[in-house]
Amino acid sequence: MKVSHVSLSLAGLALASSVHAAPEIEVGAEYQVNVLNTNDGLNEEAKQTKTTSFNLKGAKVIFRGKLSDQISWTVLYKAKESELERYYLTNRVTENLEVTIGKQKIKTYGLHRKLTSGVTTPVTGAYLDWNPLKDRVALDITYKLAGALSLQLVDDYSKCSDKTTYTNNPTTNAVTASTSSSCTSWNSGSSAGIVTNSKETQTSQKQPAVALEWYGNFGEFSPLLQYAVYDLGKSSTASAGLRYKTESMDAYFDYTMDTRNNKGLDPADPSNTKFIEEKNTYTGMVAYAEFKAGSYTPFVHLSTLATDPYSAPGATDAAVTALEANAGGKLDKNEMTVAVGTHFEQWGAFYRPFVDVTLSRGEFVDPSDATKKEDRSKTDLVAGLIGKF
């Protein structure tokens, strides 16, 4: 067995040992701190107050190492949240084939998620919050084919909570609300059958979710296609995008559609024993570009988020608003985020101050009346520091 040396990389310094009795280990970190000034535009006009706050947006410690020439491992620890974000082993079977197992980044929600994180990016698209398969336990098989073709078998999605069902009375046209403890996922949390009189229940998942990705490599252009099926095959998510990268420019565009069929009680069944598929659709788009210009890297970000949640036939506008956001000042249906800013590159890639202006606009629940919605906007001025070693 081949045994490599021990090395430790810390803050740009490499310390090497002459001992040849342990595998190679590397340590690094990523972090972002910022000062945020906001106009509080989503609050009621009478209560809006401009505020300035200092934030530790995120900090991660990264451990990487090799057990052999073929097998490597990675651990990402989120220091701010005090939790393990990812931990996995990778076996480089051949020159073109790799197999990874453990908790890892699931390949969904497009180039924006693939290339960035909340720690390394000043502005992130709001649609990322809707991703049901973020960091999960998975088996990943990646093969180099005009880029990289990946298949992931994923610990499936499940989300259970109390559920409010809106039922319409066709005689009076009145809508009534009833709350029951009914699982919103098909694969966990209920002893009832998937369909009436079925012996297959939702008490445990019956199969893994599946995610497929192709990330092409054609010189300066890199196309991306992703498709995943989850929640016992009841739901799916698809993304497509294109990246253009040169020495002076890095730009990409992607589009994501997530079609989620939650498990709900059939409002037409008075016994509340039958289930129906409640279709929820979430779509998002991101366009991003940055340009290297000497000691500066200006960037521009544009992203959208549109939600189309299920509502029972005949539900009132107030009931629909409550389903979409359920709280004053929260996103109701559509949102657009526009940001412009620049990084300062005088201190290299490991120490990158930045400034940006971010405008968010969309349909939000009226902060003074949660049964209504209205167009609202807010403006954020941000100065921060992104660092890594």
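**Gln152 and the cores**

Modeller: Gln152 counts as buried because its relative accessibility is 1%, where buried means under 20% relative accessible area with a 1.4 Å probe, protein chains only. Bear in mind that this is a predicted model, where local features need pLDDT of at least 70, side-chain atom pairs count only at pLDDT 80 or more, and totals for chains, interfaces and linings use all residues. Residues are numbered from 1 along each chain as its sequence is written, and side-chain values use heavy atoms, with hydrogens and water left out.

Biologist: Which side chain makes a polar contact with the side chain of Gln152?

Modeller: By polar contact I mean N or O atoms within 3.5 Å, one able to donate a hydrogen and the other to accept it, with residues adjacent in sequence counting only if both atoms are side-chain atoms. A polar atom of the Gln152 side chain also sits 2.9 Å from the backbone nitrogen of Lys107. The side-chain partner, at 3.2 Å, is Asp140.

Biologist: And which strand does Gln152 lie in?

Modeller: Strands here are DSSP runs (E, at least two residues), numbered from the N terminus. The one holding Gln152 spans residues 147-154 and is strand S9.

Biologist: How many residues has the largest nonpolar core?

Modeller: A nonpolar core is a set of buried Ala, Val, Leu, Ile, Met, Phe, Trp, Tyr and Cys residues joined through side-chain atoms within 4.5 Å. Tyr109, Phe299 and Leu305 are among the members of the largest one, and its count is 11. Strands S16 and S17 each give it two or more residues.

Key:
Helices (H or I, at least four residues) and strands (E, at least two) are DSSP runs, numbered from the N terminus. Buried means under 20% relative accessible area, exposed over 50%, partly exposed in between (1.4 Å probe, protein chains only).
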